[in-house]
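Dear colleague,

Please find the structure below, followed by some notes on what was found in it.

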Amino acid sequence: MRKHICLKWIFLLSIIALIDAGSKAQAQSNTVPKKQITINNAWIRPSVKDGNTAIYFTISNTGDKPDTLIDAQSNRAEIVEVHESYQMPNDRIGMRQVKSIVINPKSKIEFKPGGYHVMVLGVYKDYKIGDEFNFVLVFKRAGKLKLQAAVKDLN
Amino acid sequence: MRKAFLIIFVFLFGCRDKFPVLEDFSKDHFHLKNQNNQEILFPDFAKGNIVLVNYIFTNCPDICPLSTNNLRLIQRRLKDEKIKDVYFISLSFDPENDTPEALSKFAEIRNLDLSNWQFLTGNKPAIDSIIKKANVIAAKSDSTIFKNGRKIFSFIHTDRIQLIDALSQIRKNYKGSTANIDEIVTDVKSLQKN
């Protein structure tokens, strides 16, 4: 009888352990490995100390779930924000801050001149062509991605 | 006879049709300063030359550098093709911030060839008169205040490169940030031949 109760407990604990393992696996499948968000061709325009500039790149989401860019950061400038330039009638151009950008599964979003860009205000030193600029993009699921942008101008 | 008349007509007026006079700076004399803090009389200093001008503010992170870079590409093309007597101007519509020193730094950090390129600023009434005549709009929008109290403004502005003839008349407008380099180089050549 005692042996029977002991077997019952072992069976019960095994079931609990299986359920726990299953829930952990489920939790893991809800997080997007960082490699599902990749950033390519990051570059930044030259800027003088205290000046403003913009970073451009391509975000690719190779995963099967959407992710959202929620912030951009850098310790190389006083203010860093995600912005977009937008067209208005009569060839006028405006610029506005963007709070978040969704990158759908299996898709790319290009940050390019005249469109989305990371706006960098008040850089702490001169950035000349050939230099590198460190920055971080923060995604809702992929977390923080540390990146480097090459300083250059379009040819 | 009719054919000959048509050829003469096209010869005389064809180019004017392609490049109608949009505005005339020829009777204006604006006292401005360049990136070296030298007095420049605009447009007098450039008379006799074709001029390509863009309108910028140096705190602009995206569009103005793009338009300025397009001027750089045009300058390089014209130099490669040995086309002379063309001046370049980047005129700031933010004179409160864009001192000659700020303009000099903006050009220097980009390694621009300033042999035939002036970055111009001036007093606000003069700048406002020029941009109004050039049909360029520049309206202050968002402001940013840095930790040290420095305040800068963003602008909603016209994105423009402008072609000015040797008589200081505006002859054509292009969208500065997406300008077609080939088109502008061709237009400069056509206007020089005229």
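How much area do chain A and chain B bury between them? This is a predicted model, in which local features need pLDDT of at least 70 and side-chain atom pairs count only at pLDDT 80 or more, while totals for chains, interfaces and linings use all residues. Residues are numbered from 1 along each chain as its sequence is written, and side-chain values use heavy atoms, without hydrogens and water.

The two chains bury about 2,600 Å² between them, with 56% of it on carbon and sulfur atoms (the accessible area, with a 1.4 Å probe, that two parts lose on being put together, summed over both). On the side of chain A, A:Asn52, A:Asp91 and A:Ile93 lose the most area to chain B, together 22% of what that side buries. In terms of contact (heavy atoms within 4.5 Å), 35 residues of chain A meet 30 residues of chain B.

The largest nonpolar core has 53 residues, and B:Leu32, B:Leu52, B:Ile74 and B:Leu91 have the most contacts inside it; such a core is a set of buried Ala, Val, Leu, Ile, Met, Phe, Trp, Tyr and Cys residues joined through side-chain atoms within 4.5 Å, where buried means under 20% relative accessible area with a 1.4 Å probe, counting protein chains only. A second, separate core of 30 residues includes A:Ile44, A:Phe111, A:Val118 and A:Phe135. Leaving aside neighbours within four places in sequence, B:Leu32 is in contact with residues including B:Phe42, B:Leu91, B:Leu120 and B:Ile130.

With best regards

Conventions:
Chains lettered and ligands numbered in written order. Buried < 20%, exposed > 50% of the residue type's maximum accessible area, 1.4 Å probe, protein only.
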